[in-house]
Amino acid sequence: MNGKLAGSRRILSGNEAIALAAWASGVRVAAGYPGTPSTEILENIATFPEIYCEWSVNEKVALEVAIGASFAGARALATMKHVGLNVALDPLMTFAYIGANGGLVIVSADDPGMHSSQNEQDSRTLAKFARIPVLEPADSQECFEMVRVAYDISEEFELPVIIRTTTRISHSSGVVEIGNCERKTQQDRHYTKDIARTVMVPIFARGRRLVLEEKLQKLREFSQEFAEHRVEEPEFSEGSRPRVGVITAGVAYTYVKEFVTNARILKLGMSFPLPEKLIREFAASVDRLYVVEEGDAFVEEQILAMGLHVEQPKTSLRIGELTPDRLKRFAAEIEGRQPQTVPQPVKDLPARPPVLCPGCAHRSVFYALNRLKATVLGDIGCYSLGAFQPLYAMDSIVCMGASIGNAHGMEKAGYESKRIAAVIGDSTFFHSGITGLLNTVYNKGTSTVIVLDNRTTAMTGHQEHPGTGRTLKGEETVEARVEDVARGVGVNHVVPIDPYDLDNTYNVLRQELDRAEPSVVVSRRECALRCRKVAACKFVVRDDLCRACGACLRLGCPAIETGDVDPSDPRKRKVRINSVLCAGCGMCVQVCKFGAIQKVAEE
Amino acid sequence: MKDILNISLVGVGGQGTLLASEIICYAVLLAGKDVKKSEVHGMAQRGGSVISQVRIGAKVYSPLIATGETDILVGFEKLESLRYAHLLSSNGIALVNTQEIKPVTVSSGQSEWPSDLDDRLRGAIRHLELIPALDIAQQLGDIRVVNLVMLGSLSRHVEIGEQLWLQAIEQLVKPQFLDINIQAFESGRSFDPQNAR
């Protein structure tokens, strides 16, 4: 944690502030699965020896672990990204009936604008769906405060509490006054066996359903007086009565504060259940009422359901991330001003999309799949970058683990391609690929599952998982082997390959794709980002041998660049290797038929 | 609102913009002011275009800077500097590393590298300072310290004492790399773009 500077003022990201506050709240068990933008919470928690923490294999298990800790009376934390909450929804829905013993907080980090996600769902809807409270911090300071409040609420009402962050909360940093930050030393709550409370068979669940409604009613009353809701008067007010009122929450509040200077603001700390009386009073105090929130019309629809009128601005505040530009336009609209023109970016510049790293061994799998004209069902991770030109070897991405079931379904639908492959990363395979594989075997599928094993959870910044043989705390543990799991669920053809060997990769993939039985190919090489140079050597292109055929460019390696125009054909460009970017993997040497790419002595 | 200093750092994933922006935050903290920083992790770090935003002032609300309100644009790479030039306010300054990194769309022949990049940069940015940060870093013996050269260059435009910058660097850079990072910072700080070539 970046709390290196002494004193009570720290620079903390939202995620770091949540971790520190969890420690201060006396959390004893924390579990999660990596996912941008939530990952750093557990990475920071791992620095506190007082907290048991783990990367669970997926979010469902993480929440189940946290629930177990809550059963036992300890304070527990579960962290995940928004789509992870879908995975954890099953235990959540029923645990709401059972209720928390030790305080249980779930941090669900939304990603509006989809900086690093496949959808932009709003976690708050799932909190309401489960009928549990959701808190929305607006910056790192509030993250630090609200986690502690969340534990108090969780234990007072015996309910799990969701803290909903968004990318600009999780990954923004700011000054946090941590005060005299000490770890709360409270006795764990006692566990007493009470099956009517914790065994959710119908006879007991019916009773708990009513208990949940009672709790929710009490929470509605609590929300009226909740200290994290506050009304702020406008900086500039015309006359005695503010004409405009804005109800807001989360990061949206910071934009409203900055750009809407003449509105009365109701800043909500809890967006479910809402403080109805407070909202009615606020609405009555202004002429025009707006709601500004990042994500769905979650607060707005609840206010509309109260029968209150909410203005609908012409400026769209829905879909995608809220930005200062949108709020400036909104402010101009409600103040009756012409909006300033927003400077436009320079056009016609070459795009710079993210790419598979130089030296990434798993590039060869996509290169081979492209040549084999396979239909490739993809999955979540950096290898999603194999979908783009020039590799262009992925047909779909849905959610964690989906590739295997998708491949099976295409096959069973009679899709004509004989070459159907699922491509999935190692961490994703352990997260939710195993059940899909078992299903394929059980239901007599024949698809080929390619596990790209780079020995880490790469996209989120290199986290451990069951296949790495290390825990979140860095301790050694049993190393799960993809091959063993595959054989264990009944796959007879399991082939490990070294993806740096292009010919063998191509041959094995062709053989397994053409096989009328399920098979698993394990492409195993460490993430190239972890071993800065794959090999300590450099490669150069011999200009006299390069025929400008472009074969090496089809690898999509960022270190291979087009260079001078070929004198014999002005449409062709010879290539050169960028020695700064080159990781020394030598894959390009294998695709050059003319021997133009050569290894040189290292510097 | 104008008592806030808005800094945007742009470049290519892997160039060290994140560390540079973190150091700025610490230096500001030491100077006793408020600061917010925003950046994106995950997908953007795989060699893609990256941006990190830092806002400094007595009290900062929004973690993001409105388009056209950046006071100082720190461009770690030329093409990215042009891509984000519209973020600058009309009086804004751009400090641009002369390094060029070809995106895969260019190296694979899908699009052309703009041949008139320097002219277009000068056309788009009124106050432009070109910093040969890669050359300076290479002379120091480690191209990875490009970010500290650029930070040094930025430090000339921010009212924070040199000692606080150095203290912040010490806090955030691993001890074994501290010397070369401080050298890089000092080289960037003392580089005078007016008297360069």
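## Sheet and strand order

Two strands are taken to pair if DSSP finds at least two bridges between them. The model is predicted. In chain A, seven strands form an open sheet with mixed pairing, in the order β3-β2-β4-β5-β7-β6-β12. Its edge strands are β3 (52–55) and β12 (270–272) of chain A, each of which pairs on one side only.

How do strand β2 of chain A and β3(A) pair, and over how many bridges? Strand β2 (residues 29–32) of chain A pairs with β3(A) in the parallel sense, over four bridges. Within this pairing, A:Ala31 has A:Glu54 in β3(A) as its bridge partner.

## A helix across the sheet

Helix α3 of chain A spans residues 59–71. Helix α3 lies across β2, β3, β4 (76–81) and β5 (104–110) of chain A. Relative to β4(A), helix α3 of chain A runs at about 165°.

Chain A is assigned domain 1 (9–224), domain 2 (231–334), domain 3 (363–524) and domain 4 (538–600). Between domain 3 of chain A and domain 4 of chain A, the C-alpha centres are 30 Å apart. Seven residues from domain 3 of chain A and nine residues from domain 4 of chain A make up the contact.

On the side of domain 3 of chain A that touches domain 4 of chain A, helix α15 (residues 363–371) of chain A supplies the largest share, three residues. By class, that side of domain 3 of chain A has five nonpolar residues, one polar and one charged.

Methods. Residues numbered from 1 in each chain as written. Chains lettered and ligands numbered in written order. Predicted model: local features only at pLDDT ≥ 70, side-chain atom pairs only at ≥ 80, totals over all residues. Domains from an automatic or database assignment. Contact = placed C-beta atoms within 7 Å. Helix = DSSP H or I, 4+ residues; strand = E, 2+ residues; numbered from the N terminus. Nonpolar A, V, L, I, M, F, W, Y, C, P; charged D, E, K, R; others polar. Axes fitted to C-alpha atoms, helices over the stretch in contact; angles between N-to-C directions.
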